[in-house]
Amino acid sequence: MSDATGPIVTADGVPLKRKLAQAMFRSRARAFGLALPLLAFIIVAFIIPILTLLYRGVHDPRFAQFMPRTTAIIQKWDTKSPVTEEMAAALVADMVVARKERTIGQVATRVNRELPGTRSLFTSTARKAKKMKPPYLEALIKKDRKWGDNATWQAIKITAKTYTPAYLLQAVDLKYNADGSITRQPERYRIYLKLLIRTMRISLIVTLATLVLGYPVAYLLSTLPVRTSNMLLILVLLPFWTSLLVRTTSWIAILQSEGVLNNLFVLFGITTDQQRFSMIYNETGVLIAMTHILLPFMILPLYSVMKTIPPSYVRAAKSMGARPATAFWRVYFPQSVPGIGAGALLVFILAIGYYITPALVGGEDGQMISNMIDFHMRKSLNWNLAAALGAVLLVVVLFFFWLYDRLVGIDNMKLG
Amino acid sequence: MSAESQTVSKEDGFVVFDHVQKSYDGETLVVKDLNLAIGKGEFLTMLGPSGSGKTTCLMMLAGFETATHGDILLGGHPINNIPPHKRGIGMVFQNYALFPHMTVGENLSFPLEVRKMAKAEREEKIRRALDMVEMLDFINRRPAQLSGGQQQRIALARSLVFEPDLVLMDEPLGALDKQLREHMQFEIKHLHDRLGVTVVYVTHDQSEALTMSDRIAVFDDGVIQQLATPDDLYERPENAFVAQFIGENNRMTGTVKAIEGDVATVELDGGTVVTAKAVNCGDVGGRTTLSIRPERVKVGADQGTNRTDAEVLELIYLGDHIRCRMRVHGNEDFIVKVPNAADNKRLVVGEKTSVGWETEDCRALDAT
């Protein structure tokens, strides 16, 4: 047909595509309008806070803002050569202003993060700054010998950066140096990677435990008659209706050394009164409590997938001569994989950011990365490091998401 | 083919149900005292409405349900305690049950792999089975990429690839459209003829059963109502249920007045006296249902031995014949098929005429 080469037009000569777009516009606009309130809510309550916090992980303007002269002059310093009088003069001038405006505390806190012990150095020097006379460098060193040390000034140079990779690097136990090089943190400061690895290990064990415990339950639920399975499903969902705090603390009652379980162990002679098992305030306690709490998140996706697998598949396999175990592994199990994937991903991502349970039952060695984020948010008030740790956590989650997509395929995920 | 020559005794039956009963709840019997012998190479259809127990019988034979009482024998051996995977019975399911995560080739390979067959032999058999259903080009496709009819063929090939002596089919054509279903009926029939495999086929579609089967067991209420060849079943139904279930049927109820040989004289509820072939009508004085096929009724004067008045109520033109609904003895659903022949008089709605039939075309059956 000759028309086939040119664009198709309607009876009145308008290109069909444009006409269709016009016709579709109204329905699209209405659909968008319906989704708009939720979209706005998500942007305001979710995306903006996350972006702001992530921004904090690389953005710290305090020093540059309150100590402008020092900031300007220290950029030219090569970190190796001796401290100049010019730098000292700028610092003293800035300190005078900062003390008057009561911002010196923030500046001192900031530098203290790069070089522990500098907080009091800054505050006490600032008190004397107004009376200092040139040459300022000598005056500073006279006040405190640390001002003659290049390390102090290197810390200032690092903190003077408004955009700094220091927090992100610290979150993975690396140190950003004044000359721009990156080295590993000193041995005793390497805590975050260890914590991150422990978090991932706990999350993986919890995921596997919920899978092993949840799979048979989900299978049972999917094969029972609807009335019975609904009843059991309510029992599975029951924990959802109980406060997380209550459930976690009830584990304390059960697992503590004078708790129900240990008393039973002693009663049945599994252990002696002197050697009670320590099952709480350590990693074991976290694993037990988290497995229990996250179990429904594994069972529900598994159940919803298994319910869609017709029993005729396994029957067909058996009729063809497959033993029940073969029929299960070769026919049933592969079809339940989307449920396993969805459940595992859900549990793992929830577990990796778990906070309340490790905080309550974790003790010393059961703390996870979220507890450290909380510590920096509320105790040390190092929000920038908290943000950086959050960013690292987010990257790890996204990595596992990507890995899942590569291995299983995100299209295969079924939640219900 | 007469019914006698097709009868299979329990001694030489390939598949035998011996006094089989099945109950799910311990209160009602889904299958009541089933006795059935199926010959080797036979195509037997279990036909019946849903809930009649036919699928339960098939599942008991396959091993997915256990008989509450009685024995099921396969090749002379009781199989009640043999698990399904050791029975060696091929099966085609209603929804095909092709494994969605395997290709067509892998699906067919599955029964051979679990039998630990060597790779070369497997491939040879898979090719032959796919060739048989003309689906060799689809060996690397996934079931989801196939149409319903194609999936059906693969399911058929998979049930046959390990060369079982017995294949069970549970309403395999139920999900296909009419045209495809009719086509597949012939294909399955031809495959059965070629391979000589014994087939037990379950359906609720009577035309499917008539098309394909050597014998049909009509199930209702957990009991085989009649076991006969298709032509026997249609032309010589033994009770009112079978007459009603197989094909179209005009029913008239009445009381038996006399029986002479195999001719019963019946007084209809309207008062008219007619003669009919006594089949299952009980003794004189008992109630009976008369059954006559619409195409065996003749319209117009001087036709047939049992003549009676009729009024035309509705005419439906169907090309080769005209379907005519009439009032006969107060029954307003009396259907007559009038062949669209050149010499037939055209009927008009409201016309008063007469209908008649031969005594042997009208069967006196049990009252329901």
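**Reading rings, contacts and burial in a predicted model**

Author: Let us begin with one residue. Apart from its neighbours within four places in sequence, His329(B) is in contact with Leu268(B), Thr272(B) and Thr308(B). Please bear in mind that the model is predicted.

Reader: Where does His329(B) lie in chain B?

Author: His329(B) is found in the loop that runs between strand S17 (321-328) and strand S18 (331-339) of chain B.

Reader: Is His329(B) buried, partly exposed or exposed?

Author: The class follows from the relative accessible area, with buried meaning under 20% and exposed meaning over 50%. His329(B) has a relative accessible area of 27%, so it is partly exposed.

Reader: How far apart in space are His329(B) and Ala341(B)?

Author: Their C-alpha atoms are 27 Å apart, while the two residues are 12 residues apart in sequence. For another case, take Asn371(A) and Thr357(A), which are 14 residues apart in sequence and 9.8 Å apart in space, C-alpha to C-alpha.

Reader: In which helix is Asn371(A), and what does it touch?

Author: Asn371(A) belongs to helix H18 (residues 369-378) of chain A. If residues up to four places away in sequence are not counted, Asn371(A) touches Tyr354(A), Tyr355(A), Pro358(A) and Ala359(A). Its relative accessibility is 7%, so Asn371(A) counts as buried.

Reader: How is a pair of aromatic rings described?

Author: A pair of this kind is described by the distance of the centres and the angle of the planes. Over all chains, the count comes to 20 aromatic pairs. In one of them, the ring centres of Tyr219(A) and Tyr332(A) are 5.2 Å apart and the planes stand at 85°, so the pair is edge-to-face. This pair links distant parts of the chain, 113 residues apart: Tyr219(A) is in helix H10 (residues 192-223) of chain A, and Tyr332(A) is in helix H16 (residues 324-352) of chain A.

Reader: Which of these two tyrosines is buried, and which is partly exposed?

Author: Tyr332(A) has 6% relative accessibility and therefore counts as buried. Tyr219(A), with a relative accessible area of 36%, is partly exposed.

Reader: Is the pair of Phe328(A) and Tyr332(A) stacked or edge-to-face?

Author: That pair is stacked, with 5.9 Å from centre to centre and 20° between the planes. Both residues lie in helix H16 of chain A, four residues apart, which is about one turn of the helix. Phe328(A) is partly exposed, its relative accessible area being 26%. Ring pairs join Tyr215(A), Tyr219(A), Phe328(A), Trp329(A), Tyr332(A) and Phe333(A) into a cluster.

Reader: How many helices and strands does chain B have, and what does its C-alpha trace span?

Author: Chain B has nine helices and 20 strands. Along its principal axes, the C-alpha trace spans about 75 × 45 × 35 Å. Of the 368 residues in chain B, 50% are buried. Where contacts join residues at least 6 apart in sequence, 66% of those in chain B are between residues at least 24 apart.

Reader: What may be said of the surface and the charges of chain B?

Author: Chain B exposes about 16700 Å², and carbon and sulfur atoms supply 47% of that area. Chain B carries 40 positive and 55 negative charges, whose mean positions are 5 Å apart.

Note on methods: Residues are numbered from 1 along each chain as its sequence is written. Chains are lettered from A and ligands numbered from 1 in the order in which they are written. This is a predicted model: local features need pLDDT of at least 70, side-chain atom pairs count only at pLDDT 80 or more; totals for chains, interfaces and linings use all residues. Side-chain values use heavy atoms; hydrogens and water are left out. Helices (H or I, at least four residues) and strands (E, at least two) are DSSP runs, numbered from the N terminus. Buried means under 20% relative accessible area, exposed over 50%, partly exposed in between (1.4 Å probe, protein chains only). Contact means heavy atoms within 4.5 Å. Accessible areas come from the Shrake-Rupley method with a 1.4 Å probe; for residues, only the protein chains shown count as cover. Lys and Arg count as positive and Asp and Glu as negative; His and the chain ends are not counted. The place of a charge is taken as NZ of Lys, CZ of Arg, CG of Asp or CD of Glu. Rings of Phe, Tyr and Trp (its six-membered ring) pair if their centres lie within 6.5 Å; planes under 30 degrees apart count as stacked, over 60 as edge-to-face and the rest as tilted.
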